[in-house]
Amino acid sequence: MLFVIHCIDKPGMEAARAAAIDGHVAYLATRPIKVVMSGPLTSDDGARVVGSFFIVDAADRNAVEGFQAADPLYRAGIWATVDVRAFSKRVDNRD
């Protein structure tokens with residue numbers, strides 16, 4: 001089942017995010033869950049990271065919440081909000 005994880009950073013977390021990002025990348029490399037797509041959310045001009053976005057394939061919400069709770073960005077207190085939603089893919093126009 002697909003889920004979207006939408007995370008918005010707390011204001012002023014640039015230095016904390018930079019300090020935690022290597023751990024976050026290493027954590028994702030362990031493939032704790034199937035990540036279909038992920039990346040940083042940015043300001044409209046792309047100059048600033050303002051959050052994180054994931055589409056994951058998991059058995060259930062508990063698996064997604066466990067994945068998210070173990071993420072170094074979450075553990076470092078970077079995110080002000082984390083929204084997890086089930087997702088039903090209808091269109092995929094990627095090349």
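The legends below describe close-up views of a predicted model. Local features require pLDDT of at least 70 and side-chain atom pairs pLDDT 80 or more, while totals for chains, interfaces and linings use all residues. Residues are numbered from 1 along each chain as its sequence is written, and side-chain values use heavy atoms, with hydrogens and water left out.

**View 1. The buried side of helix α2 (residues 61–70).** Helices (H or I, at least four residues) and strands (E, at least two) are DSSP runs, numbered from the N terminus. Val64, Phe67 and Gln68 of α2 are buried (under 20% relative accessible area; exposed is over 50% and partly exposed in between, with a 1.4 Å probe and protein chains only). These residues lie on the same side of α2 because they cover an arc of only 95 degrees around the axis, taken from the directions from the helix axis to the C-beta atoms. Among the elements covering them are α1 (14–29), β1 (2–9) and β3 (49–57), where contact means heavy atoms within 4.5 Å.

**View 2. The salt bridge between Asp9 and Arg17.** A salt bridge is a side-chain nitrogen of Lys or Arg within 4 Å of a carboxyl oxygen of Asp or Glu; the count by this rule is 4. The closest N and O atoms of Asp9 and Arg17 are 2.8 Å apart. Both residues are buried.

**View 3. The salt bridge between Asp92 and Lys89.** The N to O distance is 3.8 Å. Asp92 is partly exposed at 35% relative accessibility, and Lys89 is partly exposed at 49%.
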